[in-house]
Amino acid sequence: MIRRVSQALAPVLFLPHGGGPLPVLGDKGHEEMVSFLKEIAIELGEPSAILVISAHWEEKQATITSNSQPGIIHDYYGFPAAAYEIQYAAPGNPALANEIYTLLTAHGIPAKLDEQRGFDHGMFIPLKLMFPQARIPCVQLSLLNSMNPRIHIALGKAIAALRNRNILIVGSGMSFHNLKAFFSDMIDGRRENEAFDDWLIETCTDPSILPEVREQRLIEWEKAPFARFCHPREEHLLPLHVCYGIACADTPTAQTVFNGEIMGRKVTSFLW
C-alpha cells in the first residue's frame, strides 16, 4: 500500500512504459511492470484528467496536444500485426491544454498548442494497462529537443499549480534505457544498471539530501555512476526531471513504488 505525503495534492508518477507494444502483447519480460501499473492505478484512484510527459515526443518548444478527439500513433516498428491494431480512444482536453499553455508562457517558457498530433505509445501503452476503459481525458506535453535537464525541471515548476486539482501527472520513460543492453546477449550490464539505479533512488528519495543538492544532482545526472551506459541518450530519463520540477516545492522527496525487472534489467518508478 502506498503512503502519499499529501492527499490534497494530485499524484506525480514517473513510470516505465516498457518496450514498444510488448507490455500489452503479453510479453513475459514485462509481467512485473504490467502488474505494477494495474495495481497502482487502483491505489491512486480515478483522476478527472491525465497529463502525460512522454519520452517519445520532442519539440523545439514545449508543445501540448489540444485536440478534443486525438488519434494514436503506432510509433514503433518490427512487431507483430496485433501491435498496430492497438487502440486507446481516450478523449483530449482542450481546456487543460490551454491552461498548461498559459502557465508555461506566464513563466517565460515558449509554448504552442498542437491540434493535429495524436497520442504516442509512451502514453497509450501504460494508460491502456492502468485505465483500460479510456474514458479519462488526456493531454500530452512534449519534451524539449535541447535535452537540457535544467530546463526540463523548470518546465515542471511552471506547471506545478496543476497539482491543486485532481489531475494525474505522469512522466512516461524508463530509468534504464540502453537498447543494446536490452537486446544483446553479449552485453551484461547488470553492475552498471544497478549502480545507476541505486544512485537514482538515493537522489529522488533520500530525505537527508538538501533540496538544492537534489536538484543539482539531477541537473548533473551524467556524473552518476555509469550514467551514459544506462542512458546513451537521455530522452527516457527527462520525464523524471519534469516530474521532479512539478513536485519539488510541495513534495521534495519521492517514494519508490516499483523496483523490479523489465526484460532482465532493473527499472524503478517514483511517486510524489
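Which residue forms a salt bridge with Arg 135? In this predicted model, local features need pLDDT of at least 70 and side-chain atom pairs count only at pLDDT 80 or more, while totals for chains, interfaces and linings use all residues. Residues are numbered from 1 along each chain as its sequence is written, and side-chain values use heavy atoms, with hydrogens and water left out.

The partner of Arg 135 is Glu 46, with 2.7 Å between the closest N and O atoms. Arg 135 sits in the loop between helix H3 (121-130) and E5, and Glu 46 in the loop between helix H1 (31-44) and strand E2 (49-59), so the pair ties together parts 89 residues apart in sequence. Helices (H or I, at least four residues) and strands (E, at least two) are DSSP runs, numbered from the N terminus. Glu 46 is partly exposed, at a relative accessible area of 45%; buried means under 20%, exposed over 50%, and partly exposed in between (1.4 Å probe, protein chains only).

The structure holds 13 salt bridges, each defined as a side-chain nitrogen of Lys or Arg within 4 Å of a carboxyl oxygen of Asp or Glu. One of them joins Glu 215 and Lys 157 (3.1 Å, N to O). This pair links helix H7 (residues 211-219), which holds Glu 215, to helix H4 (residues 149-158), which holds Lys 157, across 58 residues. Glu 215 is buried at 18% relative accessible area, whereas Lys 157 is partly exposed at 37%. Elsewhere, Glu 58, Arg 233 and Glu 235 are linked in a network of salt bridges.
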